[in-house]
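I opened a new structure today and kept notes as I went. The entries below follow the order in which I looked things up.

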Amino acid sequence: MKMRVADIVDDSAEVKVFTLRHPLRDELPVASPGSHVDVHLLDGKIRQYSLCGDPDEKSQYKIAVKREPGGRGGSRLMHEAYVRGSEIHVSAPRNNFPLEPTADRHILVAGGIGITPFISMAHHLSRQGAEFELHYASRQYPPPLMASLLDICGSRLNIYSSNSERPRRFDPKRALSNQPPGTHIYACGPQALMDAVSAATSEWPSQQVHFEAFQATLDENFKAEPFDIRIASTGSTIRVPADQSALCVLRDAGFLLPASCEMGVCGSCECGYRDGSVIHRDKVLKIDARQDRMMLCVSRARVSVTLDL
Ligand code: FES
C-alpha cells in the first residue's frame, strides 16, 4: 500500500512513533494483536516493524522506530528521510506472534524496543478483560512508550530499569515461576532476554512459550552444504550451491517468490515441502509447522528436498 506519514511523535531522542494512513482508504487491512508490517524504504531496503497502535483502530497503523546507530541503516533512514506527508510503502500486516486465544492467562515480557508488539496485545487483552501482566525491562528510563502503556495496563505493567530512581532487575525465574497451567508466555527483546526467558521456561510445554525475533540466528559454526531441490509440480531438480540460499536459486530459476527480511525472521518466504530432511534455521516456524513448511531464505536440506512449487 502507498500510505502517507500522517504524524511523527518523538517518544524520546531515540524513538519516533509514526502514524500511517492511506490517502484513499478509511479502512485498512485487519491487524490482529502482535502483527507487523514490512516497510519498503526509499533505498529499496525492507524492514519489519510491529504495529503498536490499538488493533481496533481501523483507519491507521502506528509503528515505533528506534534509531540504531550500529544497525544496517533502516532505522536511520526512517528517522531522517521521512517527514509528515511523506509517501511510504507498507505491506499488509502479517502476524508471526499471535496471542493464544485459549490461554487462561498471558504473561508478556519485553526488552527495550521489543515492547512494540505488546502494545497492540495489551490493548486487546485489556478490552477483553483477559488476565495478563506485562514485564518490561529497559536500560532507558523512562523506557520507550511508557506513557501509553501505563494508560492501557495500569498496575499490570511492571517496569525494570537500572536507571530509574528505584533500580530493579527483571528476574525471569521469579516472575515466571508458579504460574497456573493455562498460562502462556510471550517474549520479545534482545537476545540475552530471550535466552533468559527460554531458560526459565525450559520445563514448560513449548506451545505455551512464544518468541518474536527481529534478528537472525547467530550460528557462526553452521557450515552450509549444497543440496538439491525437486519441484513437486514438474519433477525437475535444481542444485543449491553451498554459498547460495534456496530462495536465491529459485528466483534465478524464474520462480516469483515473496521475501522480505531474508534473515529467517519475517515469515514471508514460507514454502511447503513434501519430503526431505530440512535444516530449519529460521526463527518463525513453530515445531509442528516445521514438519512440512520451511523458510527458503535461510533453511536448507540434507541432500535434497521436494518443494510444493
Ligand atoms: S524472507 Fe523473511 S523469513 Fe525468509
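**Entry 1: a helix crossing.** I looked up the handedness of the crossing of H2 and H3, and it is left-handed. I am working from a predicted model. Helix H2 covers residues 116–128 and helix H3 covers residues 146–153. I found their axes 9 Å apart, at an angle of about 20 degrees. Angles under 35 degrees count as roughly parallel, so H2 and H3 are roughly parallel to each other. Next I listed who makes the contact. From H2 come Ile-119, Ala-122, His-123 and Ser-126. From H3 come Leu-149, Ile-152 and Cys-153.

**Entry 2: aromatic pairs.** How many aromatic pairs does a search of the whole structure find? I got three. I took one of them, Phe-97 with Tyr-186. Their ring centres are 6.2 Å apart, and the planes stand at 80 degrees. Planes over 60 degrees apart count as edge-to-face, so the Phe-97 and Tyr-186 pair is edge-to-face.

Where do the two partners sit in the chain? Phe-97 is in the loop between strand E6 (87–90) and strand E7 (105–111). Tyr-186 belongs to strand E10, residues 183–188. The pair links distant parts of the chain, 89 residues apart.

The cut-off for buried is under 20% relative accessible area.

**Entry 3: a charge over a ring.** I checked Phe-222 and found Arg-281 over its face. The distance from the ring centre is 3.9 Å.

**Entry 4: Ala-110.** I placed Ala-110 in strand E7. Its relative accessibility is 1%, so I logged Ala-110 as buried. What does Ala-110 touch, leaving aside its neighbours within four places in sequence? I listed Ile-115, Phe-118, His-135, Tyr-136, Ala-137, Cys-188 and Leu-193.

**Entry 5: Ser-198.** I found Ser-198 in helix H5, residues 191–200. At 35% relative accessibility, Ser-198 counts as partly exposed. I then went back to Tyr-186, which is 12 residues from Ser-198 along the chain. The C-alpha atoms of these two are separated by 10 Å.

How values were computed
Residues are numbered from 1 along each chain as its sequence is written. This is a predicted model: local features need pLDDT of at least 70, side-chain atom pairs count only at pLDDT 80 or more; totals for chains, interfaces and linings use all residues. Side-chain values use heavy atoms; hydrogens and water are left out. Rings of Phe, Tyr and Trp (its six-membered ring) pair if their centres lie within 6.5 Å; planes under 30 degrees apart count as stacked, over 60 as edge-to-face and the rest as tilted. Helices (H or I, at least four residues) and strands (E, at least two) are DSSP runs, numbered from the N terminus. A charge sits over a ring if NZ of Lys or CZ of Arg is within 6 Å of the ring centre and within 35 degrees of the ring normal. Axes are lines fitted to C-alpha atoms, for helices over the stretch in contact, and angles run from 0 to 180 degrees between N-to-C directions. Angles under 35 degrees count as roughly parallel, over 145 as roughly antiparallel, 65 to 115 as roughly perpendicular and the rest as oblique. A crossing is left-handed if the near helix is turned anticlockwise from the far one by less than a right angle, and right-handed if clockwise. Contact means heavy atoms within 4.5 Å. Buried means under 20% relative accessible area, exposed over 50%, partly exposed in between (1.4 Å probe, protein chains only).
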